[in-house]
Amino acid sequence: MISLATNLAEVPLHRPASLKKSISSHVPVPSFQFPVQFPNMGQFALSWCGSQTVRGAPDENLLTLMRAGEMSIYSLPLLKSKRRFRSRMVRDHFVSEYSQEFLHECYIGNAPCTVALHRKGAIFVTRYLSFVAAVVIIFCSWTFLVQAGAANKPKLILLVVIDQFRYDYLLHFNDQYTGGLNRLLIQGAVFENANLEHYPAVTAIGHATVLTGATPALSGIMGNDWYDRESHKRVTSISDETEKVLGGSGSGASPRRLLVSTIGDELKMVHPESTHVIGISLKDRSAILPGGHMANAAYWYDTKTGNFVSSTYYFPELPAWVKAFDASRPSDKFAGSGWLISEAPSRSKRLPAAPGPELYSAIFGSPYGNELLEAFAEKAIAAENLGQHDSTDLLSVSFSSNDVVGHSFGPDSPEVRDISIRIDRLLGKLFAYLDQRIGMQNVIVVLTSDHGVSPLPENLTKWHMPGGRMTTADLFGPIKLALDAKFGKGEWILDTAGTSPYLNLDLIREKGLDEAEVRRVAAKAAAAVPHVLRVYTGDQLQLGAVPNDPISTRVIRSFNSKRSGDLEILLEPYWIRSAEGTTHGTPYSYDTHVPLVFMGPWVRPGHYFQNVALNDIAPTLATILGVETPSGSAGKVLYDIIQQRVDGQTPARRQP
Ligand SMILES: [Zn+2]
């Protein structure tokens, strides 16, 4: 790659005159280097002409240079077409015409930096400098065109899901982020108001939504598990008795319960051989569901053996590289490792010293689970040559350990803070690895989470906030009593999924009762339970006969007539059905508000404040990639962030 050939590092930043001199005698040649660093200032990006510092605090010398127009000399639009360069130069209006909303790679001295310019006509230079700038831009446009072929099509889509990662973790620990999260916040399109528009807010639904755009009503994934009325058994979102686990223990699994296509499926339907789609996570459902039906593989962690495993759904035996990874016993190296040792000594923890299931479970519930997964992700990228095929590959990485830590200690704990900071570093490591292998300028990164979490009820009490704990018996006991009293004793509730009961339809038929009437009686009893906010019957949800509010919309979008229970019972905000720790699942903001960041040259960086949904990821990616929108998508295209599609199409110019 061509590198910046100036000696401007020798020029003090507070001496613009010297800088001009260097420019006239030296044509700078751009290079694209990551991570973006500036000496003595760390990473930064700012919205220059809006005078709004987005992040970081560049010193006054830099601002002086930028105000004087010096910075524009070194600003290179990352994505521009040849035609645009020429037309603007012919009319000699290049200064204003280049000042669109683009992320610029900039150089002062030899130091690359990033500036986001957010207004038309934002770059201003003097007549003297205009001439110099024209020369520079001619040169840069040539350089860009050399690289344009590589930049037009992403080599890899990297989906990062952090399990149970509330949006406000980006805010609360922001000053501690220096790695991958920091980079996403600076260089990405950051949605500050992204929510799950489904209910309940649980892992399987989140992971089924993110690359399908579908709601549970259509995707069929309406919970982590549910009661299957056909087999009269409890099933999970990915359980499949026709398949077997490869490389470890556990039940067979596949994506067959997912009824819709994913982005990976859509890519593979176009390029079945060359596109590679891989899903990895510590959790089976979080590895399988984002990839979809045509994925080459999904890998997850077996806490009995400490191995990464897969399913016969994908292949008859594990690939050699996975066997080799497992044979190297990567879990065992964490034996005896500690965390929070120096950060919060009174809460410090140490993993079991001996290899075995106890250690592997403890790894799953500690930051070391994420480290293990990141190491496995690097191996997958190398062994599967991800990003090095003729068409775009997709890797989905879901970090599960944050969820276990969050359940145990709550969102306000030192443990959650620690694991959040550590995942920032891990993502930095993963991005650096990708940069070295395929170049981050060839990657679209999407970061999000599958759900948030409620504060610990004990903390809420301390803060004089509402909320508390409720047991399963508290909730379903009164329903059983009411049905016994009205229709005679019987096993009225066969099973439950979350707060949803499955009534015994055979018993209802045996007794010659009306199903809807039995559901009404059950709903009335549930509604009378203290701290139950609202109860919907399946009949109401099917007819859409519910209050017209956002909460009801989330519930109705998630009702699947074949798989859902007979009632959907909403507790009041901050009430949880968990005897210890905390949990998630409600349609309230602390469970639904999640991070959503896109990053890559196809994306217009900045902070976006409109309300968006997890469902919007899939149609937005499909639009950028120029593939069919996944079959069940209910999301909208986040067109504001699309800088350029893979075929070179750019969105129509918006009104200023
Ligand atoms: Zn989860």
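1. Axes here are lines fitted to C-alpha atoms, for helices over the stretch in contact, and angles run from 0 to 180 degrees between N-to-C directions. The structure is a predicted model, in which local features need pLDDT of at least 70 and side-chain atom pairs count only at pLDDT 80 or more, while totals for chains, interfaces and linings use all residues. Residues are numbered from 1 along each chain as its sequence is written.

2. Helix α16 (residues 401–409) packs with helix α17 (residues 414–437) at an angle of about 165°, their axes being 9 Å apart. That makes the two helices roughly antiparallel (angles over 145 degrees count as such). Helices (H or I, at least four residues) and strands (E, at least two) are DSSP runs, numbered from the N terminus.

3. In this pair, S401, N402, V405, G406 and F409 of α16 meet E415, V416, I419 and I423 of α17, contact being taken as C-beta atoms, placed from the backbone, within 7 Å. By class, the contact has 5 nonpolar, 3 polar and 1 charged residues (Ala, Val, Leu, Ile, Met, Phe, Trp, Tyr, Cys and Pro count as nonpolar, Asp, Glu, Lys and Arg as charged, and the others, Gly among them, as polar).

4. Helix α11 (residues 263–270) is mostly covered, with 6 of its 8 residues buried (20 or more other C-beta atoms within 10 Å of the residue's own, all placed from the backbone). The buried residues of α11 pack against β11 (277–281), α12 (284–291), β16 (393–399) and α25 (617–625).

5. Strands β8 (residues 225–228) and β9 (residues 233–236) run antiparallel and are joined by 4 bridges, where pairing requires at least two bridges found by DSSP. The two strands form a hairpin with 4 residues between them, and H232 in the turn has a positive phi of about 55°.

Notes: Angles under 35 degrees count as roughly parallel, over 145 as roughly antiparallel, 65 to 115 as roughly perpendicular and the rest as oblique. Two residues are in contact if their C-beta atoms, placed from the backbone, lie within 7 Å. A residue is buried if 20 or more other C-beta atoms lie within 10 Å of its own, exposed if 12 or fewer, and partly exposed in between; C-beta atoms are placed from the backbone.
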